[in-house]
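Trainee: Before we look at anything in detail, could you show me the structure and take me through how its features are read?

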Amino acid sequence: YRVGGNYRMPAMCAALLRVQLARYPEAHAKRTENGTYLAQRLSEIPGLEPTVVSPKVTRHAWHLFIWRYDAKAFDGVSRDAFLEAMRKEGVPAYQGYSIPLTEQPVFTEKRFDLSHPARNVDFTEIAVPVAKRACESEACWLTQNVLLGSKADMDDIVTAARKIYENRHELVKRSETAS
């Protein structure tokens with residue numbers, strides 16, 4: 001864990017990227033359409049709360065599609081069990097960051113040049129309870145490539161989440177049997 005920062009792009013990468021940039025407007029439009037649609041549809045399922053895009057945002061990258069999972073609405077089914085069930089349904093959803101940025105070793109152990117602006121910050125003293133809860137039990141992510149799918153693909157994601165919600169009692173039974 002170290003602070004990185006070599007921002008120079010090799011010429012070959014730049015050449016490949018330049019060609020890909022021609023496809024960006026279409027890909028961005030597709031991610032925006034699907035991200036907006038998916039957020040609306042997933043929010044119809046109790047316990048799933050997609051992040052809200054501020055009306056001030058004029059162009060969202062949709063690099064990640066993130067939503068909050070509420071285990072209480074799923075009768076105590078953990079976020080990890082929910083995500084495992086989503087993956088079994090063919091949806092490549094995952095938890096995202098496992099610990100908040102303030103707990104990353106690069107900051108807590110000051111693994112950066114002593115001239116770095118954060119050298120005088122004691123990251124162990126910073127409380128970020130919402131971020132910690134998100135990392136531990138609430139955040140669910142889809143990567144941007146998922147949003148390049150069809151509307152039917154977005155409906156499949158919603159169908160999987162709804163199926164898990166409707167059958168949450170089975171997951172509760174399985175976890176009770178396993179423990």
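This is a predicted model: local features need pLDDT of at least 70, side-chain atom pairs count only at pLDDT 80 or more; totals for chains, interfaces and linings use all residues.

Trainee: What is the order of the strands in the open sheet?

Mentor: Strands (E, at least two residues) and helices (H or I, at least four) are DSSP runs numbered from the N terminus, and two strands pair if DSSP finds at least two bridges between them. Here three strands form an open sheet in the order β1-β2-β3, with antiparallel pairing, and its edge strands are β1 (48-50) and β3 (139-143), each of which pairs on one side only. From one strand to the next the twist averages 30°, where axes are lines fitted to C-alpha atoms, for helices over the stretch in contact, and angles run from 0 to 180 degrees between N-to-C directions.

Trainee: How many bridges join β2 and β3, and what lies across the strands?

Mentor: The antiparallel pairing of β2 and β3 extends over five bridges; Phe65 has Leu142 in β3 as its bridge partner, and Arg68 stands opposite Ala139 in β3. Helix α2 (residues 24-42) lies across β1, β2 and β3, running at about 10° to β2.

Trainee: Why is β3 described as largely enclosed?

Mentor: Buried means under 20% relative accessible area, exposed means over 50%, and partly exposed lies in between (1.4 Å probe, protein chains only). Four of the five residues of β3 are buried, so this strand is largely enclosed by the rest of the structure.

Trainee: How many aromatic pairs does a search of the whole structure find, and why is the pair of Phe65 and Trp67 tilted?

Mentor: Rings of Phe, Tyr and Trp (its six-membered ring) pair if their centres lie within 6.5 Å, and planes under 30 degrees apart count as stacked, over 60 as edge-to-face and the rest as tilted. The search finds nine aromatic pairs; in one of them, the centres of Phe65 and Trp67 are 5.9 Å apart and the planes stand at 50°, so this pair is tilted. Phe65 is buried at 2% relative accessibility, and Trp67 is buried with a relative accessible area of 1%.

Trainee: Which side chain makes a polar contact with that of Glu138?

Mentor: A polar contact is a pair of N or O atoms within 3.5 Å; within protein, one must be able to donate a hydrogen and the other to accept it, and residues adjacent in sequence count only if both atoms are side-chain atoms. The side chain of Glu138 makes such a contact with the side chain of Arg68 (3.3 Å). Glu138 has its place in helix α5 (residues 129-138) and is buried, with a relative accessible area of 11%. Taking contact as heavy atoms within 4.5 Å, and not counting residues up to four places away in sequence, Glu138 touches Trp67, Arg68, Tyr69, Arg79 and Arg133.

How values were computed: Residues are numbered from 1 along each chain as its sequence is written. Side-chain values use heavy atoms; hydrogens and water are left out.
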